[in-house]
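The sequence and the model are shown first.

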Amino acid sequence: MDKDTIILKKRLKELAEKSYQQNRYTYTPFLDLYEQSIYQEERSSFAYVGSQLYGGHPFADRQLVCFGNEETLGYVEQPPIACIEIKPISKKFSDSLSHRDFLGALMNLGIERAMLGDILVFDNVGYVFCLEHIADVIVDQLFKVKHTQVSCEKTLKQLHIEPKYQEVTGFVTSCRLDSIIGLAFQLSRSQSIPYIQGKKVFVNGRLVQSNSLLLKDSDIISVRGLGKFIFAGVDGMTKKGRSRILLHKFI
């Protein structure tokens with residue numbers, strides 16, 4: 001077990017115990033998919049206090065762990081997540097802005113990556129999910145992304161953003177993980193295996209290293225470096241017994 005994993009497991013335990021002993025909610029910073037998989041492995045040991053992942057919007061990749069719930073604490077508290085809308089002041093003279101551009105501008109403010117959740121970009125406008133206590137820093141100090149002047153505003157309306165996806169269909173002999181990844185990203189089965197064995201594939205937030213795992217309807221698969229999709233299930237069969245698969249691939 002590597003040092004970072006040991007530290008994270010220790011910190012999760014400390015936050016769970018603090019929530020229980022002080023009868024209040026406690027939170028981690030935003031965790032990436034691998035860190036979330038470690039939490040998932042340990043989750044049963046936190047049953048006495050209750051815990052949940054939150055990212056600020058459906059299908060969030062980066063999420064924080066909230067320890068405590070209404071049943072164990074007797075009250076409800078919203079996780080400390082804010083959403084910042086970052087938009088060009090002049091659309092006409094704006095650069096084409098990407099996720100990387102928005103992230104780079106935020107990091108240049110000295111904000112640690114763990115303080116930031118997902119960054120969604122729609123029509124050249126960025127929506128940044130962050131910990132509540134740094135929201136004002138972003139609003140007050142971020143004036144430029146790339147070469148584009150921007151304005152920043154805290155918003156609640158985008159907390160219910162539904163990510164866009166495209167439908168992908170194809171035929172496979174079985175619903176094995178390696179075959180479905182190959183279909184989603186136009187890879188051969190052998191080309192998808194290194195992603196699985198390289199600890200880059202997560203199914204419903206859990207790290208998976210079995211090539212032959214059979215997927216179930218509505219499973220969410222994330223592949224580091226490639227993207228994410230929902231396994232929507234089998235949509236028919238051929239006379240030769242091949243399954244017609246439907247996927248919802250996030251764009």
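The model is predicted.

## Largest pocket

The largest pocket holds about 810 Å³ of space. Its lining has 26 residues, and those closest to the centre are Asp61, His99, Asp118, Leu120 and Lys228. By class, the lining consists of 11 nonpolar, 6 polar and 9 charged residues.

Four strands are named as suppliers of at least two lining residues each: S5 (116–122), S12 (219–223), S13 (227–237) and S14 (243–250). Strand S5 gives the most, with 6 residues.

## The five-stranded sheet

Strand S5 also belongs to an open sheet of 5 strands, ordered S5-S6-S4-S8-S7 and paired antiparallel. S5 and S7 (144–145) are the edge strands; each has a single partner strand, so one side of each lacks a neighbour in the sheet. Helix H4 (residues 99–107) packs on this sheet, where it touches S4 (81–88), S5, S6 (125–131) and S7. The direction of H4 makes about 135° with that of S5.

Within the sheet, S4 and S8 run antiparallel and are joined by 6 bridges. One of the residues involved is cysteine 83, whose bridge partner in S8 is threonine 155. Lysine 144 has glutamine 149 of S8 as its bridge partner. The hairpin of S7 and S8 has 2 residues between the strands, and in this hairpin lysine 146 takes a positive phi near 60°.

## The six-stranded sheet

An open sheet of 6 strands has the order S9-S14-S13-S12-S10-S11, and its pairing is antiparallel. Its edge strands are S9 (165–172) and S11 (206–207), each of which pairs on one side only. Strands S12, S13 and S14 of this order are among the suppliers of the pocket lining.

Phenylalanine 202 has leucine 207 of S11 as its bridge partner.

## Helices H6 and H7

Two packed helices are described by the angle between their axes and the distance between the axes. For helix H6 (residues 177–185) and helix H7 (residues 189–197), the angle is about 110° and the axes are 8 Å apart. Angles of 65 to 115 degrees count as roughly perpendicular, so H6 is roughly perpendicular to H7.

On the H6 side, the contact is made by Leu177, Asp178, Ser179, Ile181 and Gly182. On the H7 side, Arg189, Ser192, Ile193 and Ile196 take part. The contact of H6 with H7 has 4 nonpolar, 3 polar and 2 charged residues.

Technical notes
Residues numbered from 1 in each chain as written. Predicted model: local features only at pLDDT ≥ 70, side-chain atom pairs only at ≥ 80, totals over all residues. Heavy atoms only, no water. 1 Å grid on protein atoms, 1.4 Å probe; cavity = no way out; pocket = protein on both sides within 12 Å on 5 of 7 lines; lining within 4 Å. Points joined across faces, edges and corners; volume = space filled by probe spheres on them. Nonpolar A, V, L, I, M, F, W, Y, C, P; charged D, E, K, R; others polar. Axes fitted to C-alpha atoms, helices over the stretch in contact; angles between N-to-C directions. Parallel < 35°, antiparallel > 145°, perpendicular 65-115°, else oblique. Contact = heavy atoms within 4.5 Å. Pairing = 2+ DSSP bridges.
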